[in-house]
Amino acid sequence: MKKVEAIFRPEKLEDIRGALDALERVGMTVFEVKGHGVQGGLTQHWRGEEYHVGLVPKVMVMAVVHDHEVQEVIETIASVARTGLMGDGKAFVTPVEQALRIRTGECGPQAI
């Protein structure tokens, strides 16, 4: 099992959710997050004044999937989230040692 965490632009959430729902086997948890990458935030103008936004609003989706589903999930997220501009986001994949479905007591891959 693997945990896929993807951080991307908030306006892409519904498209990514729809694309992952179309895979029919990926549950997800969504977080509203803030952060910055190498660009260090954004400089914007409002009413003639310049100001710096150090932490940019983003969305993070977390999904635990079977090993054979990882590539399809990250490719789906990347293809939908990509605009070609700085700030499109990142995806991370990490191993999951154990899963437990609390309702039934199922453990391991059956729990996801």
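This is a predicted model: local features need pLDDT of at least 70, side-chain atom pairs count only at pLDDT 80 or more; totals for chains, interfaces and linings use all residues.
Figure 1. When residues up to four places away in sequence are not counted, E106 touches A99, L100, R101 and A111.

Figure 2. With a relative accessible area of 41%, F92 is partly exposed. Leaving out residues up to four places away in sequence, the residues that F92 touches are K3, V4, E5 and I7. A further residue to look for in this view is I74, which is 18 residues apart from F92 in sequence, while the C-alpha atoms of the two are 8.7 Å apart in space.

**Figure 3. L85 in the loop between α2 and β6.** Here the chain runs through the loop that lies between helix α2 (70-81) and strand β6 (89-95), and L85 is found in this loop. Because the relative accessibility of L85 is 59%, this residue counts as exposed, the cut-off for that word being over 50%. L85 and R103 are 18 residues apart in sequence, and from C-alpha to C-alpha they are 43 Å apart in space.

**Figure 4. V65 in strand β5.** This view shows V65, which belongs to strand β5. V65 is buried, with a relative accessible area of 1%, and the cut-off for calling a residue buried is under 20%. Not counting residues up to four places away in sequence, V65 touches M1, K2, V4, V26, V70, V73 and I112. The C-alpha atom of V65 is also separated by 9.6 Å from that of M28, although the two residues are 37 residues apart along the chain.

Figure 5. Strand β5 covers residues 56-65, and seven of its 10 residues are buried, so the strand is largely enclosed by the rest of the structure. Strand β1 (residues 2-8) pairs with β5 in the antiparallel sense, over seven bridges, and within this view E5 stands opposite M62 of β5. Strand β2 (residues 29-35) likewise pairs with β5 in the antiparallel sense, over seven bridges, and here the partner of E32 is V59 in β5.

**Figure 6. The protein chain as a setting for the close-up views.** The protein chain contains two helices and six strands, and, read along the sequence, these elements follow the pattern β-α-β-β-β-β-α-β. The radius of gyration of the chain is 17 Å, well over the 13 Å that the globule rule gives for 112 residues, so the chain is more spread out than a compact globule. Taken along the principal axes, the box filled by the C-alpha atoms is roughly 60 × 25 × 20 Å. Of the 112 residues, 29% count as buried. Among the contacts between residues at least 6 apart in sequence, 70% join residues at least 24 apart.

**Figure 7. Surface and charged side chains of the protein chain.** The accessible surface of the protein chain comes to about 7,500 Å², and 53% of this surface belongs to carbon and sulfur atoms. The chain carries 13 positive and 16 negative side chains, and the centres of these two sets lie 2 Å apart.

How values were computed. Residues are numbered from 1 along each chain as its sequence is written. Side-chain values use heavy atoms; hydrogens and water are left out. Helices (H or I, at least four residues) and strands (E, at least two) are DSSP runs, numbered from the N terminus. The radius of gyration is taken over C-alpha atoms; the globule rule is 2.2 Å times the number of residues to the power 0.38. Buried means under 20% relative accessible area, exposed over 50%, partly exposed in between (1.4 Å probe, protein chains only). Contact means heavy atoms within 4.5 Å. Accessible areas come from the Shrake-Rupley method with a 1.4 Å probe; for residues, only the protein chains shown count as cover. Lys and Arg count as positive and Asp and Glu as negative; His and the chain ends are not counted. The place of a charge is taken as NZ of Lys, CZ of Arg, CG of Asp or CD of Glu. Two strands pair if DSSP finds at least two bridges between them.
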